[in-house]
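I opened the notebook to record what I looked up in this model.

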Amino acid sequence: MNRGNLTLAWRAAAVTLAVLAALTTALAVGGPFAVVVTAECLAALAVVVVLARTPGGLRARRAPQAAAWARAVRARLRPRRSPPAQVRSADFPAYAKISSDLSWAAVSQWHYDHGIRPLFGRLLESVLAERHRVDLARDPARARDLVGDDIWPLVDPSRPPSFDSKAPGADLRTLTRIVDRLEQL
């Protein structure tokens, strides 16, 4: 054996003895779990050493490339949190219209009939068809029985809309009763 191979064999033996000593100490001090943790740490250290010793490894890299690599690793490990997106009412025009119609519903019967009542009618039609298999246009009597006599005049789609802007509209309590009834159906 030449001197280079002998030195390599001694280094391998020293590393092997150091690894065995570390694993034995971990087993004696912390038990089987400590052995697993120690083995993982030693494996990570071995990967770093091998990467540093290979051609094109850490030694051959220039400083800017190493810094870029470190930034990429840091970004993967700790991604920056972006600030929450700002929600504008213009992003949701349907929501803005419903909100506006609800606020105007109490002003007058005209506002209720032309704003929120058509929405309630569509919701009622959908709920009756989906949950009770009732077609609102074909069986309004059954729909009235399901909705109830107290709420039916407020959501009846066959009732012509009012053009009276002086008559009071539906107040918040009434609107809440209608929504509750639609949810109960």
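**Entry 1: a pair in α5.** Why are Arg 117 and Asp 113 separated by about one helical turn? Because they sit 4 residues apart in helix α5 (residues 109-132). I then checked the pair for a salt bridge, which takes a side-chain nitrogen of Lys or Arg within 4 Å of a carboxyl oxygen of Asp or Glu. Arg 117 and Asp 113 form one, with the closest N and O atoms 3.1 Å apart. I also looked up their burial, where buried means under 20% relative accessible area, exposed over 50%, and partly exposed in between (1.4 Å probe, protein chains only). Arg 117 is buried, and Asp 113 is buried too.

**Entry 2: ground rules.** I noted that the model is predicted: local features need pLDDT of at least 70, side-chain atom pairs count only at pLDDT 80 or more, and totals for chains, interfaces and linings use all residues. Residues are numbered from 1 along each chain as its sequence is written, and side-chain values use heavy atoms, with hydrogens and water left out.

**Entry 3: the whole chain.** I counted elements as DSSP runs numbered from the N terminus, helices being H or I with at least four residues and strands E with at least two. The chain has 8 helices and 0 strands. Of its 185 residues, 19% count as buried. For contacts I used heavy atoms within 4.5 Å. Among contacts with a separation of 6 or more, 59% join residues 24 or more positions apart. Accessible areas come from the Shrake-Rupley method with a 1.4 Å probe; for residues, only the protein chains shown count as cover. The chain exposes about 14,200 Å², and carbon and sulfur atoms supply 62% of that.

**Entry 4: other salt bridges.** How many salt bridges does the structure hold? I found 7. One of them joins Arg 144 and Asp 149, at 3.0 Å from N to O. Arg 144 counts as partly exposed because its relative accessibility is 35%. Asp 149 stands at 54%, so it counts as exposed. Salt bridges with shared partners join Asp 113, Arg 117 and Arg 159 into one network. I also looked at Arg 138, which pairs with Asp 135 at 3.5 Å between the closest N and O atoms. Arg 138 is exposed, with a relative accessible area of 75%. Asp 135 is partly exposed at 34%.

**Entry 5: the core.** I searched for nonpolar cores, meaning sets of buried Ala, Val, Leu, Ile, Met, Phe, Trp, Tyr and Cys residues joined through side-chain atoms within 4.5 Å. The largest has 21 residues, and Tyr 112, Phe 120, Leu 124, Leu 128, Val 155 and Leu 185 have the most contacts inside it. Elements giving two or more residues to this core are α5, α6 (140-147), α7 and α8. Which element gives the largest share? It is α5, with 7 residues. I listed the contacts of Leu 124, leaving out residues up to four places away in sequence: Leu 136, Val 147, Trp 152, Val 155, Leu 182 and Leu 185. In soluble globular proteins, nonpolar side chains tend to be buried together.

Entry 6: Ser 162 lies in the loop between α7 (152-155) and α8 (172-184). Is Ser 162 buried or exposed? Ser 162 is buried, at 17% relative accessible area. Its side chain reaches the backbone nitrogen of Asp 164 at 3.1 Å. Beyond four places in sequence, Ser 162 is in contact with Gln 109, Trp 110, Asp 113 and His 114. With neighbours within four places set aside, the contacts of Gln 109 include Arg 159, Asp 164, Ala 167 and Pro 168.

**Entry 7: a positive phi.** Arg 133 is not a glycine, yet its phi is positive, near 55°. Most residues other than glycine have a negative phi. Arg 133 sits in the loop between α5 and α6. At 78% relative accessibility, Arg 133 counts as exposed.

Definitions and conventions
A polar contact is a pair of N or O atoms within 3.5 Å; within protein, one must be able to donate a hydrogen and the other to accept it, and residues adjacent in sequence count only if both atoms are side-chain atoms.
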